[in-house]
Amino acid sequence: MNNLPIQTIALLPDHIANQIAAGEVVQRPESIIKELVENAIDASASSIIVIVHKAGKQAIHVIDNGSGMQKDDVILSIQRHATSKIKTSQDLERISTLGFRGEALASIAAVSHLEIKTRTSDSEHGWSLTIEPLEEHVLEPCQTDIGTQVIVKNMFFNVPARKKFLKSDLVEFRTISETMYRAALSHPECRFTFYDGDTLVFDVQQSDLLGRIEALYGKEVSQGLLPLHHETLEVVITGFVGLPHLAKQSRAGQHFFMNSRPIISRSLSHAVFQPFEHLIEKNMHPFFVVNLTLDPTKVDVNVHPQKHEVKFEYERGIYNAIHQAVSNALSKAHIIPEMQFRDQVSDQPFERLSIATQFGSKTPDAPLYVNRLTGEIIHQTDHNPSFQLSDSGNITPQHRTAFEHLFGSEESLIQSREQEQQSPQKILGSMWQLHAKYIFVQHEEGVMIIDQHAAHERILYERALKALNEQGMQGQSLLFPIPLQLLPEDQLVFMQIRTDLEKLGFTFVEHHGQVNITSVPFDISAGTEHEAVQDIITQFREYEELRSQSSRDNLAASMGCRAAIKAGHILTVDEMKSLVQDLFACDMPGVCPHGRPIVLEMQLREFDRRFGRTS
Ligand code: ADP
Ligand code: MG
């Protein structure tokens with residue numbers, strides 16, 4: 001028999017248990033600041049001052065004007081699991097405060113020197129509590145303002161290993177600063193003042209979210225924002241998303257708040273990014289401040305010690321709601337990508353061509369690039385390392401204006417379309433076709449270049465989507481029914497989408513077990529009816545595999561792809577005109593259903609600049 005030593009179990013003394021718990025809650029100065037600021041917010045403060053010394057390693061001072069604590073509560077506040085925020089296990093199911101575990105102050109007290117000064121509004125004087133681990137707590141009356149001040153010094157003095165793991169002041173300060181930005185953004189109704197030693201980092205007054213963003217990030221950002229608003233049964237999405245030109249290489253300008261709690265979620269970030277695909281480059285991150293308001297019982301915030309990871313009951317629904325909110329905002333703004341030649345030609349979306357070519361350039365093997373999205377060829381010579389045709393960002397109100405200049409305002413456009421009365425003079429000579437492929441539209445500020453196929457595809461796609469989601473379109477009847485012959489696997493798809501095809505203007509009649517096409521949408525030209533149905537089915541199958549969109553969306557995209565005019569199709573001026581008009585009446589004229597750009601823009605002032613004209 002083995003004589004194994006007998007293990008006896010003993011409860012850890014409180015101060016050790018607290019140190020272990022502290023390991024989770026208090027990892028670095030930033031986590032202390034986060035907890036103290038959360039406490040101030042939970043105490044309904046309308047002003048919070050944070051002062052850090054040596055990135056918080058030397059001292060942290062947080063002052064609020066919130067509710068304060070009474071004498072007995074001050075003592076309790078530093079006990080583990082002492083909280084005023086939840087009382088029953090049901091409360092845990094619907095947490096609306098930032099804190100709830102009653103662990104932060106106890107943990108901070110376990111690894112540093114802590115001093116709390118606090119006073120409630122109904123009390124003549126306040127209380128000061130000084131705690132140094134293993135020593136008697138000192139609680140005494142003091143003169144102090146209403147609210148609470150917490151001073152933390154000598155962090156990790158008794159846990160040297162942890163202290164060693166702290167990063168440089170610069171890095172620690174950066175994480176603190178990020179936390180301060182998040183706190184300030186999540187509670188614009190509260191004033192935040194943030195000092196690095198004697199240096200003021202920011203002092204932002206009470207305001208609304210837009211005002212807060214402006215105070216923190218400046219006018220350039222606040223003026224480049226699109227408001228978000230979308231409601232579903234599960235969630236209300238509000239906040240702002242930045243125009244494409246505000247996108248950055250880092251994620252620093254990305255903020256999610258769930259019921260005012262900062263949260264991190266890769267999947268939700270993707271929901272914002274997705275509608276930007278092809279408007280910004282792959283490695284860029286759009287700016288956003290997104291607030292999710294939802295029933296606290298439908299989300300579990302108690303899954304992570306730092307409480308910034310949450311579990312949603314309807315993750316998918318929330319993803320979709322955010323996606324929708326951002327798509328709506330972008331489509332309302334009619335974002336159009338802009339023709340840009342960069343200083344540093346990156347391989348995204350530009351691809352370097354390997355063929356050496358002369359093309360009039362002095363250096364025979366000057367690198368040549370092709371924009372994979374647009375097919376445009378870009379020369380890079382020593383004399384012309386950068387060629388940027390516009391620097392105004394992707395803001396579309398300008399395009400709108402340009403468009404209105406050409407055709408009149410949107411209202412008059414609708415009128416003129418209704419009356420079929422346009423003024424060709426205004427446009428004649430201002431529009432021409434290049435290589436039966438691109439339409440050039442001259443306008444006040446320069447020229448827009450439109451990909452005719454992509455434009456028509458967008459128009460047909462939106463029209464089809466509307467028909468599918470609303471009451472459907474009329475088709476044109478065929479003189480002679482055309483028998484539909486499909487492979488078995490296509491037949492299955494046909495059965496699945498038949499009703500939707502009928503909404504697009506097709507009709508099918510069965511005769512002795514044979515399905516016949518009896519009418520087709522007006523966009524399908526005579527003689528190609530059977531081929532059209534076959535192509536739509538093939539395309540639809542492909543999209544169902546490749547795209548994450550709904551079946552209806554895929555069908556609309558298939559219809560657009562099939563029926564759109566192709567490159568090589570020569571257009572009359574009137575045809576060009578109505579194509580451009582229809583395009584700009586679309587919800588999202590800037591990108592085709594596959595996300596490729598439809599319109600590019602070149603500014604006149606850029607031509608002037610290039611030609612050395614100063615006007
Ligand atoms: P929790 O926030 O999870 O309740 P804490 O350890 O952070 O736990 O705080 C414990 C308790 O101390 C809180 O529940 C609250 O009652 C009180 N408290 C802490 N900070 C403040 C403050 N700044 N103002 C008023 N009360 C506070
Ligand atoms: Mg707390």
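**What the words rest on**

Author: Let's begin with the fold as a whole: among contacts in the chain with a separation of 6 or more, 66% are between residues 24 or more positions apart. Contact here means heavy atoms within 4.5 Å. This is a predicted model, where local features need pLDDT of at least 70, side-chain atom pairs count only at pLDDT 80 or more, and totals for chains, interfaces and linings use all residues. Residues are numbered from 1 along each chain as its sequence is written, chains are lettered from A and ligands numbered from 1 in the order in which they are written, and side-chain values use heavy atoms, with hydrogens and water left out.

Reader: How many helices and strands are in the chain, and what makes something a helix or a strand?

Author: The chain has 20 helices and 25 strands. Both are DSSP runs numbered from the N terminus: helices are H or I with at least four residues, strands are E with at least two.

Reader: Why is Gln 433 called buried?

Author: Buried means under 20% relative accessible area, exposed means over 50%, and partly exposed is in between (1.4 Å probe, protein chains only). Gln 433 has a relative accessible area of 18%, so it counts as buried. Across the 615 residues of the chain, 50% are buried.

Reader: Where is Gln 433, and what does it touch?

Author: Look in strand S19, residues 431-434.

Reader: What makes the link between Gln 433 and Gln 452 a polar contact?

Author: A polar contact is a pair of N or O atoms within 3.5 Å; within protein, one must be able to donate a hydrogen and the other to accept it, and residues adjacent in sequence count only if both atoms are side-chain atoms. The side chains of Gln 433 and Gln 452 are joined at 2.7 Å. A polar atom of the Gln 433 side chain also lies 3.1 Å from the backbone nitrogen of Leu 571.

Reader: And Gln 485, is that buried or exposed?

Author: Gln 485 has a relative accessible area of 56%, so it's exposed. You'll find Gln 485 in the loop between strand S22 (476-483) and helix H16 (488-503). Leaving out residues up to four places away in sequence, Gln 485 touches His 530 and Gln 534. Gln 485 and Gln 534 are 49 residues apart along the chain, with 8.7 Å between their C-alpha atoms.

Reader: What about His 230: buried or exposed?

Author: His 230 has 18% relative accessibility, so it counts as buried. It is in strand S9 (residues 225-231), and its contacts beyond four places in sequence include Val 235, Ala 321 and Asn 328.

Reader: What is remarked on about phi in Ala 55 and Asn 259?

Author: Phi of Ala 55 is near 55°, a positive value in a residue other than glycine. Asn 259 isn't a glycine either, and has a positive phi of about 45°. Ala 55 is in the loop between strand S1 (47-53) and strand S2 (59-64), and its relative accessible area is 3%, so it's buried. Asn 259 is in the loop between strand S11 (254-258) and strand S12 (261-263); its 27% makes it partly exposed.

Reader: What makes a set of residues a nonpolar core?

Author: The members are buried Ala, Val, Leu, Ile, Met, Phe, Trp, Tyr and Cys residues, joined through side-chain atoms within 4.5 Å. The largest nonpolar core has 56 residues, and Ile 48 and Phe 192 touch the most other members. At least three of its residues come from each of domain 1 (14-204) and domain 2 (217-332); those bounds come from an automatic or database domain assignment. Another core lies apart from it, with 39 residues, including Val 299 and Ala 321. In soluble globular proteins, nonpolar side chains tend to be buried together.

Reader: Which residues come nearest to ligand 1?

Author: Asn 39, Thr 83, Ser 84, Lys 85 and Gly 102 come nearest, out of 20 residues around ligand 1. Being near takes a heavy atom within 4 Å.

Reader: How do you know that Ser 84 makes a polar contact with ligand 1?

Author: An oxygen atom of ligand 1 is 2.5 Å from an N or O atom in the Ser 84 side chain, and the limit is 3.5 Å.
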